Amino acid sequence: ALLPRVRRKEPRLAAPSRTGPRRVVVLRIPRVSLPLPGILDRYIARAYLGKFLLVVIAFWSLFVLVNFMDLFDDIQVNRVKGIVVLHYFTFYSPQIVHLMTPVAVLVCVLVTYGVLSRRNEITAMKAAGISVYRVTLPALALAVLAGTAMFMASEYVLPPMNRVKERDLNVIKGRPPTSASLLERRWVLGSDDRLYHYDYMQVRPTLTLYNLSVFDVDHTRWDLRDRLHATRATWNGVGYDLERGWRRTFGGGTTFRQF
């Protein structure tokens with residue numbers, strides 16, 4: 001009787017909404033995270049890059065040795081200085097590496113995983129629950145990088161270096177240095193509607209074109225009517241003196257004449 005009376009409050013029900021229940025749209029944006037290479041990836045990549053470097057150096061050495069033996073007679077006959085030969089192989093090396101990279105990538109994959117299998121490291125990885133396909137991921141990533149580097153080199157590095165290499169090769173072969181290339185309009189359309197092509201040109205002391213070809217084309221039917229080829233064409237002030245060449249005429253009766 002001495003305890004106070006507690007009035008129990010009944011919960012009030014919310015009045016029903018006239019517009020209906022509210023709809024909430026929740027957008028979940030996934031977190032983008034790049035997988036970082038782990039210890040195993042770095043271990044395989046380090047072994048792969050070491051063997052790749054050794055294979056490229058070995059292939060480069062063999063290529064340079066064979067090429068030098070092929071040019072040795074020309075170097076002696078034309079009395080080419082050693083600095084020119086060194087300059088030639090320096091600018092030729094990117095082309096050699098670009099040529100040998102696909103073979104080196106294949107050989108390094110076989111050697112790297114062959115050594116890992118011989119040391120039973122592949123078995124240890126499989127025992128640790130690592131898939132064989134996961135083990136090959138570092139090699140695939142490095143192969144993609146190698147392919148990208150080859151593409152970039154062929155677009156931006158090799159063209160200017162090959163021009164310098166070709167100029168040095170002409171000096172070694174006893175020819176005049178190349179002063180023009182295919183991108184510098186070695187194809188010329190003459191005023192007589194004939195097409196002229198030459199391999200390289202010497203300006204001094206006399207304007208001389210080497211391996212000159214003249215094409216006479218019928219523009220109505222696009223047929224080749226005549227072709228003239230000369231090993232050397234020298235300007236004499238009025239015209240060109242052609243040496244060691246031939247001329248073939250097409251049409252009703254094909255004729256061939258050497259001069």
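What follows is a short exchange about strand pairing and aromatic contacts in a predicted model.

Biologist: How do you know that β4 and β5 pair?

Modeller: Pairing takes at least two bridges between the strands. β4 (residues 208–218) and β5 (residues 223–235) are joined by 10 bridges. Therefore they count as paired. They run antiparallel, and Asp 216 stands opposite Asp 226 in β5.

Biologist: What makes β5 and β6 a pair?

Modeller: The cut-off is again at least two bridges. β5 and β6 (residues 240–249) have nine, in the antiparallel sense, so they pass. Arg 232 faces Glu 243 of β6 across this pairing.

Biologist: Which residues take a positive phi in the two hairpins?

Modeller: In the hairpin of β4 and β5, Trp 222 does, near 55°. Four residues lie between those strands. The hairpin of β5 and β6 also has four residues between its strands. There, Gly 237 in the turn has a positive phi of about 100°.

Biologist: How many aromatic pairs does the structure hold?

Modeller: Eight. One of them joins Trp 235 and Tyr 240.

Biologist: Why is the pair of Trp 235 and Tyr 240 called edge-to-face?

Modeller: Ring centres must lie within 6.5 Å, and planes over 60 degrees apart count as edge-to-face. Here the centres are 5.0 Å apart and the planes stand at 65°.

Definitions and conventions: Residues numbered from 1 in each chain as written. Predicted model: local features only at pLDDT ≥ 70, side-chain atom pairs only at ≥ 80, totals over all residues. Heavy atoms only, no water. Phe/Tyr/Trp six-rings, centres within 6.5 Å; stacked < 30°, edge-to-face > 60°.
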